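Please read this briefing alongside the sequence and the model.

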Amino acid sequence: MSPDTAPPPAAAAAPAGRAARRRAARTPSRDRYFDVLRALALVRVVTYHTFGWAWAGLVFPSMGIMFALAGSLMARSLERPALSVLRGRLRRLLPPFWFWGFSVVLAMLVHGWMPDWRIVLWIVPLGDPPGDHWAVQAWEVLWYLRTYLWFVLLSPLLLKGFRLAPRAALVLSLVPVVVFQFSWPPPDDRFGSGLWDLATYLFCWLLGFAHRDGVLRRLAPAVVVTLSLAALGYGGWYAFAHQDVFGTYDLDENPLAQAFWSAGAVTLLLYARARRGDGRPGPPRPRPLDRLVRVFNARAVTVYLWHEIALVLAVPLTDLFWKVPAFERYLPLASQWFMFGVAWVLIAAFVVLCGWVEDVAARTPPRLLP
C-alpha cells in the first residue's frame, strides 16, 4: 500500500483501541472490597477454631459472606456456557482438595483406619467423606467444600429461577430452613446434614446473584435496612432464646439463627458495596496489607483446608517450647494467643509449600507466593 492510500493514524488506531477495550471487558477484574471481606472471613474462621468464641459469628458471619461472594462470582462466570464454567470450577477446586486429602487419608490409614465404599467421596466430595474420629478436626471442615460444590452444580438452574423473579426468589430462599426447623426436619445423617447446610446458606448464595445482576443496587435503602435489621433481630433472638435447646447461642449450632443473622448482615455488607458502585476504586490501602489480602485470596482454598491441621500441629510444637528454659521463662507459652501465633506461622508454611497446587489447578505458572 502506498503512503497516499494508508489510513490516517487515528483511523488505524480506532479498531485497535476497540479491540483493547473488548479484551479488557473480558478480563475479570478484582473487587478489592470483596477481597478484603474474603480475607477477613478466613481470619475469623481460624480465630473461631482456635478460641471457640460463641460470639464470633455474630460479629462477623464468615461463612455467609464467603457463600455470597462465591455466588456473585458464579453469576458472573455463567455469562459463559454453563458446562465450561462447571468444568472450570471443578478443575480449580478438586486438585487442592486431592492434594490435601491424600495427606489426611494417608495419616488415617497409618493410624489404623479402614475405609469403605464411601472413600469415593474423597475424590468428589458430593457428600461428607468418611474419616477416622482421630482426625475429625482435620476433615470436619469439608462441609463447606461439599456445600459449595452443590451450589456450583445447581447454579445454572438457580440463576435461571432467580432471574424470573429476583425479589421473590430472595424471600423464598429462606423458606427451606424455616420448614426444616418447624415442619419437616431432614434425617439425622450425612444427607440431612447436607440439606441443612444448603438451606442455611441458600439466601446468601442468591444474594450474590442479586449483587451481580444489579438487583440489590436498585432496592430502596429504607427497604434494605428495615428488612436486614428484621432478619438480624429474628436471628439474634432465636439464637439467644433457644440456648437451652442448642446448648449455646453459637450460630454454628443453630441453622435457623445462622440463616437469618447471615441474611441480614451479609445483605448490609453487599448493599453498601452495590450502592458505592462496582466501577469505583476501593479506598487506598498500605502496600504490605494489599499484598497480604492478595495472598489470602489467591490461596483461599489452601488456607481453609490446612488451617485445622496447623492448629493441631501447633499444640505439640508449643509443647516443645516448654523444654527450652529461656522460652519457658520469657514466652507466654500457657496463653492460647501464643498457640494462635504458632498456628499462623504453620499456615504460612502450608501456603508456601502447598499453595502452588492452586496455581496448577488454575493453569497458571506455580509460585511460592502470589
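The points below are grouped by topic.

This is a predicted model, so local features need pLDDT of at least 70 and side-chain atom pairs count only at pLDDT 80 or more, while totals for chains, interfaces and linings use all residues. Residues are numbered from 1 along each chain as its sequence is written, and side-chain values use heavy atoms, with hydrogens and water left out.

**Overall make-up**

- The chain has 19 helices and zero strands; helices (H or I, at least four residues) and strands (E, at least two) are DSSP runs, numbered from the N terminus.
- Of the 370 residues in the chain, 46% are buried; buried means under 20% relative accessible area, exposed over 50%, and partly exposed in between (1.4 Å probe, protein chains only).
- Among contacts in the chain with a separation of 6 or more, 73% are between residues 24 or more positions apart; contact means heavy atoms within 4.5 Å.
- The chain has an accessible surface of about 19,300 Å², and 68% of that belongs to carbon and sulfur atoms; accessible areas come from the Shrake-Rupley method with a 1.4 Å probe, and for residues only the protein chains shown count as cover.

**Nonpolar core**

- A nonpolar core is a set of buried Ala, Val, Leu, Ile, Met, Phe, Trp, Tyr and Cys residues joined through side-chain atoms within 4.5 Å.
- The largest such core has 102 residues, and Trp-100, Trp-122, Phe-162 and Trp-205 have the most contacts inside it.
- Helix α10 (residues 190–213) supplies the largest share of this core, 12 residues.
- Leaving aside neighbours within four places in sequence, Trp-122 is in contact with residues including Phe-97, Trp-113, Pro-130 and Leu-142.

**Aromatic rings**

- Rings of Phe, Tyr and Trp (its six-membered ring) pair if their centres lie within 6.5 Å; planes under 30 degrees apart count as stacked, over 60 as edge-to-face and the rest as tilted.
- The count by this rule is 36 aromatic pairs.
- One of these pairs, Trp-53 with Trp-55, is stacked, at 4.8 Å centre to centre and 15° between the planes.
- Trp-53 is partly exposed at 26% relative accessibility, and Trp-55 is partly exposed at 40%.
- Ring pairs also link a cluster of residues, among them Phe-67, Tyr-148, Trp-205 and Tyr-304.

**Surface patch**

- A nonpolar patch on the surface includes Trp-98, Trp-117, Leu-126 and Trp-150, and its residues together have about 880 Å² of accessible area.
- Patches are made of residues with over 30% relative accessible area and no salt bridge: like charges are joined within 9 Å, and nonpolar side chains (Val, Leu, Ile, Met, Phe, Trp, Tyr) within 5 Å.
- Leu-126 sits in the loop between α5 (82–110) and α6 (136–139) and is partly exposed, at 35% relative accessibility.

**Salt bridges**

- A salt bridge is a side-chain nitrogen of Lys or Arg within 4 Å of a carboxyl oxygen of Asp or Glu, and the count by this rule is 10.
- Asp-197 pairs with Arg-146, the closest N and O atoms being 2.7 Å apart.
- Asp-197 lies in helix α10 and Arg-146 in helix α7, so this pair ties together parts that are 51 residues apart in sequence.
- Arg-118 forms a salt bridge with Asp-116, with the closest N and O atoms 3.1 Å apart; Arg-118 is partly exposed at 26%.
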